[in-house]
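Thanks for passing this one along.

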Amino acid sequence: ITSKYSEFLPSARSAEELVAQVDGLSGSIELLRAGIEEQVQRDLNVAVAEFTELKQQLERDTLVLSILKKLQEFDTAMKEYNTALLEKKYVVAAQQLEKARSSLKMLESRKGFELKILKALGTELTVQTQNMLYHLGEEWQKLAVWKLPPSKESSSPESAMHSELHLCTLPSKEEEIAGLPVASVLQAFAILGELRTKLKSFGQLLLKYILKPLISYPSLQPFTEELSDVVILRFKCEKPDLDHSSPVEVFDKIKFVLEVLHKYLLNVPVEQRVEDKKECRVTLAELLGDMIWEELSDCLIQNCLVNSIPTNNSKLEQYIEVIKSTEEFEKALKNMQFLKGDMTDLLKYARNVNSHFANKKCQDVIVAARNLMTSEIHNTVKITPDSCVALPKLPDPGSGDHLNMQKTSKQLPKEIVNLENETRLSQYTFSLPTCRISSSVEKLMELAYQTLLEATGSTDQCCIQLFYSVRNIFQLFYDVVPTYHRENLQKLPQLAAIHHNNCMYIAHHLLTMGHQFQYRLTNIMCGGAATFVDLVPGFRRLGMECFLAQMRVQKGEILERLSSARNFSNMDDEENYSAANKAIRQVLHQLKRLGKVWQDVLPVNVYCKAMGTLLNTALSEIVTRIAALEDISAEDADRLYSLCRIMVEEGPQVFTPLPEEDKNKKYQEEVPVYVKKWMTFKELMIILQANLQEIVDQWADGKGPLAAEFSPAEVKSLIRALFQNTERRAAALAKIK
């Protein structure tokens, strides 16, 4: 053990020493590593900071360099611009301005790097741009010089004669090299973005003082006067009596003007920027056409083509010349590059002539109808069963129908065929009775028939429009006439009667108007759609309501006059009798005046019914008031009888439907037919003059004429008022039951 211990101990000590050395070495290594890391990190941070600073310095230097380059480019561009401007090289000058503007925009876009000089540069650029535009404007004014009429002058052919356009003639190639080509001025405008502005201003002047006057005033003729270095475009006046120019003439005039402009000014190509920043080559004519064509086209349509639309079918076929002229006009404009595309609104309008013809025809018809409706009603014409509207000549029935009728006749037994001819209706059975209507209404019906006749020879679409325009005429009459003439229809009995006749006259024709034309109109309307029958009840009602309203007014006046008769009581008092007599006379005067006003106006049967109704109103009121009296003395009875006799004697005289007096006697004798209370009134007169026995005899146990007109209570009331209370009166009253 001792020997092993003595052998192990040295090795253990050496191992411990070795461990101690390793620990010391490890500590040294750790210290060295820490020192190295600290030094390297410090050096690295310094290097990164230096690199960042150098990078920023490089960026600043690069930015400054780029700004200096842009400033140099701006300065170079401005110098070259000034040189080019002095040499009148306007395209180069404009390009240099655009370069300077591009450089300035680049400088202004640098955020965080603002220079005070930029504001001064921007001001300088603006000044030079305006200077450039001024010089270009001076050159433009040499190319096209306007001489315009004073602004105070109204638009007229005379003022248009003062308008002139002076165009500078284009120089030759040698002159272009030595002098100023037109293209350079226009191209410079295009580069600066001012070409459209100049052309727009030029286009508006061209429209206002040249093109529109040519369209509006047919007397103006354009012509040119060529001098050494200028061409003058002006007007001369010819044919001042024309209202509207034909489209062919207008197209030729405008084409002449545009050809002159194209030759001396507009046939110049320019480089034009489009939206995708690429440049395309276009002519000045194309640019101007884009600006003014829409307005020019509208003016041509509204002031030229609209007036040329035919008013009847016979002229519609001739309109093909206008369509061809429009096509040639547009073709010429396309050749001059004023127009592009296949078809414009102008050509579409011309080719759509059928629709425009129908619209214009319908509009003219409605306007003419409304003018007739608002004209005076009292201008009348006499309508008789023999008279008729100037009906259009319609075709005879088809031969097939005629053959069918013949075959049917042959198949029928002879005796049946003969029976057909034995009894015939009068030719006037379905005629309108004799009366007076407004001449304007007669013309209105003629207009309706002529329009329908026009429809029979028109295209399907036009036919339908014209048919419904005729329907619109009558619907317009229904709405306009009662409103427009309301005051006169309410105040004047004659006009109310004429309006009644007008409505009945229209309704009479509406019954058959559709039937007359239904097989002549387009196939679309042959199935029963071409009818006016649905309008008939409305027109009849319109006429009746107006006349009945006038009848109510007259009835009211009659009752008002009779109300001043003091109930026909105490006729022995002279004042009461005078008041009653005056009331009777006023009623008769009113009826006679109405009879004269309606004479030869209303149909005889309507006249008699109307006068009979009004006379019946007066008689009924008198009967009612006398029957209501509680006490009638003998003198009262005599005076009441005399008043009633006036009504009986003079009442029939108000029936004067015809101007010929001898023909009116028939209607005066038929008064009981039209006056319901006529016999009642006569029975009242008998009672006023009869004794008790005569009254009882007239009653005849309820079977006499008195019983037919009065009730037992009314008769008893009259007996009590007329006779004193005696046994005889009591006996008589007992028999009235």
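This is a predicted model: local features need pLDDT of at least 70, side-chain atom pairs count only at pLDDT 80 or more; totals for chains, interfaces and linings use all residues.

1. Let's begin with the largest nonpolar core, which has 129 residues. The members that touch the most others are Met-132, Phe-202, Leu-206, Phe-474, Phe-477 and Met-513. Helix H9, residues 284-308, gives the most to this core, with twelve residues. Apart from it lies another core, of 73 residues, and Leu-489, Leu-562, Ile-584 and Tyr-667 are among them.

2. Phe-477 deserves a look of its own. Leaving aside residues up to four places away in sequence, Phe-477 touches Met-373, Val-441, Leu-444, Pro-482, His-499, Cys-503, Ile-506, Phe-539 and Leu-542.

3. Is His-509 buried or exposed? Its relative accessibility is 11%, and because buried means under 20%, His-509 counts as buried. The residue is found in helix H19, which covers residues 493-517. The side chain of His-509 also has a polar partner: a contact of 3.0 Å joins it to the side chain of Tyr-449.

4. Next, strand S4, residues 230-237. Six of its eight residues are buried, so the strand is largely enclosed by the rest of the structure. S4 pairs with strand S2 (residues 164-168), running antiparallel and joined by four bridges; here His-166 stands opposite Ile-232. S4 also pairs with strand S3 (residues 220-226), again in the antiparallel sense, over seven bridges. In that pairing, Pro-222 has Phe-235 as its bridge partner. S3 and S4 form a hairpin, with three residues between them. As background for viewing these strands, side chains in a regular strand alternate between the two faces of the sheet.

5. On to charge. The structure holds 23 salt bridges. Side chains of opposite charge can pair when their charged atoms come close. One example is Asp-75 with Lys-79, at 3.2 Å from N to O. Both lie in helix H1 (residues 2-86), four residues apart, or about one turn of the helix. Asp-75 is partly exposed, at 37% relative accessibility, while Lys-79 is exposed, at 53%.

6. Which parts does the pair of Asp-600 and Lys-382 tie together? The side chains of Asp-600 and Lys-382 meet in a salt bridge of 3.1 Å, N to O. Asp-600 lies in the loop between helix H21 (574-598) and helix H22 (604-627), and Lys-382 lies in strand S7 (residues 380-383), so the pair ties together parts that are 218 residues apart in sequence. Asp-600 is buried at 15% relative accessibility, whereas Lys-382 is partly exposed at 40%.

7. Asp-600 also forms a salt bridge with Arg-436, whose closest N and O atoms are 3.4 Å apart. Arg-436 sits in strand S8 (residues 435-438) and Asp-600 in the loop between H21 and H22, so this pair links parts that are 164 residues apart in sequence. With a relative accessible area of 23%, Arg-436 is partly exposed.

Note on methods:
Residues are numbered from 1 along each chain as its sequence is written. Side-chain values use heavy atoms; hydrogens and water are left out. A nonpolar core is a set of buried Ala, Val, Leu, Ile, Met, Phe, Trp, Tyr and Cys residues joined through side-chain atoms within 4.5 Å. Buried means under 20% relative accessible area, exposed over 50%, partly exposed in between (1.4 Å probe, protein chains only). Helices (H or I, at least four residues) and strands (E, at least two) are DSSP runs, numbered from the N terminus. Contact means heavy atoms within 4.5 Å. A polar contact is a pair of N or O atoms within 3.5 Å; within protein, one must be able to donate a hydrogen and the other to accept it, and residues adjacent in sequence count only if both atoms are side-chain atoms. Two strands pair if DSSP finds at least two bridges between them. A salt bridge is a side-chain nitrogen of Lys or Arg within 4 Å of a carboxyl oxygen of Asp or Glu.
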